[in-house]
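Hello,

Here is the structure I promised to hand over. Please open it and keep it beside you as you read my notes.

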Amino acid sequence: MSRMIFAHRGLSGRYPENTMAAFEAALQTGAHGIELDVQLSKDGQLVIIHDEEVNRTTDGTGYIRDFKYEDIKQLDAGSWFNKASYGIAIPTLDEVFEWATKQNNHLMINVELKNDVIRYEGMEEKVLALINRYGISDRIILSSFNPESLRKIRMLDSDIQIGYLILGMQKNAVTVAENIGANAIHCEAVFALSEYGQKAIERGLPLRVYTINTLSEGEKLLAAGTEVIMTDYPDLFMQK
């Protein structure tokens, strides 16, 4: 994988995050990939939303795990962002994959498993089954802050790309990533630009850095050998 730009939660700087509108807009910018977040509903549906609760990005309140998808899809996930986005729904991972397999869509898809706060039993199996159903494993990266979840993914699938997600300056990140069979480390700029980030690259663990929204910072990271820049504004980077 050469130097790439991923749209963080879609083109989330200009559209409601983690919605089909944001993903389609990211595709139109020419971005190389998108990053999105998966939670599990009460009835076992893989739904695309960053927070464990619906409060911040919808007109509802409560935890995703307490809603059936029939109720989740009735929520307004757009008007918190702007009036023009009123009525936009929370999509499922199934919907995203169906969209991703349409003609002229070759985006890489980084699926973050949001299982580090709430441990969603069976999430790994559900996600892998859906990937296999659509036959797009070569376009998927699975990431999580939960190393045990990623270890499970690796046990279930020896080939799928795994990204170990970290916050800040986690000095043992390379050791953990190697132990769980990760292909890369997903990190913040402070780690990527440190001696630990350089050690990761030297050990064959590419760095995918979030969330970078200025060209100057992006250029610095690319010069340091970063593989992927994740940004809320992929249009800025693709116009350069």
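**What I found**

Phe 97 is buried, with a relative accessibility of 0%. Buried means under 20% relative accessible area, exposed means over 50%, and partly exposed lies in between, with a 1.4 Å probe and protein chains only.

Before you go on, note that this is a predicted model: local features need pLDDT of at least 70, side-chain atom pairs count only at pLDDT 80 or more, and totals for chains, interfaces and linings use all residues. Residues are numbered from 1 along each chain as its sequence is written, and side-chain values use heavy atoms, with hydrogens and water left out.

**Aromatic pairs**

Rings of Phe, Tyr and Trp (its six-membered ring) pair if their centres lie within 6.5 Å. Planes under 30 degrees apart count as stacked, over 60 as edge-to-face, and the rest as tilted. By this rule there are three aromatic pairs.

One of them joins Trp 80 and Phe 81. The ring centres of Trp 80 and Phe 81 are 5.6 Å apart and the planes stand at 75 degrees, so this pair is edge-to-face. Trp 80 is partly exposed, at 32% relative accessibility. Phe 81 is partly exposed too, with a relative accessible area of 27%.

Phe 97 belongs to another pair, with Tyr 134. Their ring centres lie 6.0 Å apart and their planes are at 70 degrees, so this pair is also edge-to-face. Where do the two residues sit in the chain? Phe 97 is in helix H3 (residues 93-100) and Tyr 134 is in helix H4 (residues 123-134). They are 37 residues apart, and the pair links distant parts of the chain.

**The whole protein**

The protein has 10 helices and nine strands. Helices (H or I, at least four residues) and strands (E, at least two) are DSSP runs, numbered from the N terminus. The radius of gyration is 17 Å, close to the 18 Å that the globule rule gives for 240 residues, so the protein is as compact as a globular protein of that length. That radius is taken over C-alpha atoms, and the globule rule is 2.2 Å times the number of residues to the power 0.38. The C-alpha trace spans about 50 × 40 × 35 Å along its principal axes.

Of the 240 residues, 55% count as buried. Contact means heavy atoms within 4.5 Å. Among contacts between residues at least 6 apart in sequence, 53% join residues at least 24 apart.

The protein exposes about 10,500 Å², and carbon and sulfur atoms supply 47% of it. Accessible areas come from the Shrake-Rupley method with a 1.4 Å probe; for residues, only the protein chains shown count as cover.

**Helix H1**

Which residues of helix H1 (residues 20-29) are buried? They are Ala 22, Phe 23, Ala 25, Ala 26, Leu 27 and Thr 29. The buried residues of H1 pack against strand S1 (4-8), strand S2 (33-40), strand S3 (46-48), H3 and helix H10 (234-239). Gly 30 follows H1, and its phi is positive, near 90 degrees.

**Backbone points to check**

Look at Arg 9, in the loop between S1 and H1. Its phi is near 60 degrees, a positive value in a residue other than glycine. Arg 9 is buried, at 15% relative accessibility.

Asn 104 lies in the loop between H3 and strand S4 (108-113). Its phi is also positive, near 70 degrees, and it is not a glycine. Is Asn 104 buried or exposed? Asn 104 is exposed, with a relative accessible area of 59%.

The peptide bond from Tyr 210 to Thr 211 is cis, with omega near -25 degrees. Thr 211 sits in the loop between strand S8 (207-209) and helix H9 (215-223).

**Two last residues**

Tyr 86 is in the loop between helix H2 (69-72) and H3. Tyr 86 is exposed, with a relative accessible area of 65%. Neighbours within four places in sequence aside, Tyr 86 is in contact with Asp 76, Gly 78 and Ser 79. Tyr 86 and Ile 141 are 55 residues apart in sequence, and their C-alpha atoms are 31 Å apart.

Val 228 is in strand S9 (residues 228-231). Val 228 is buried, at 0% relative accessibility. Its C-alpha atom is separated by 19 Å from that of Ser 137, 91 residues apart along the chain.

Best wishes
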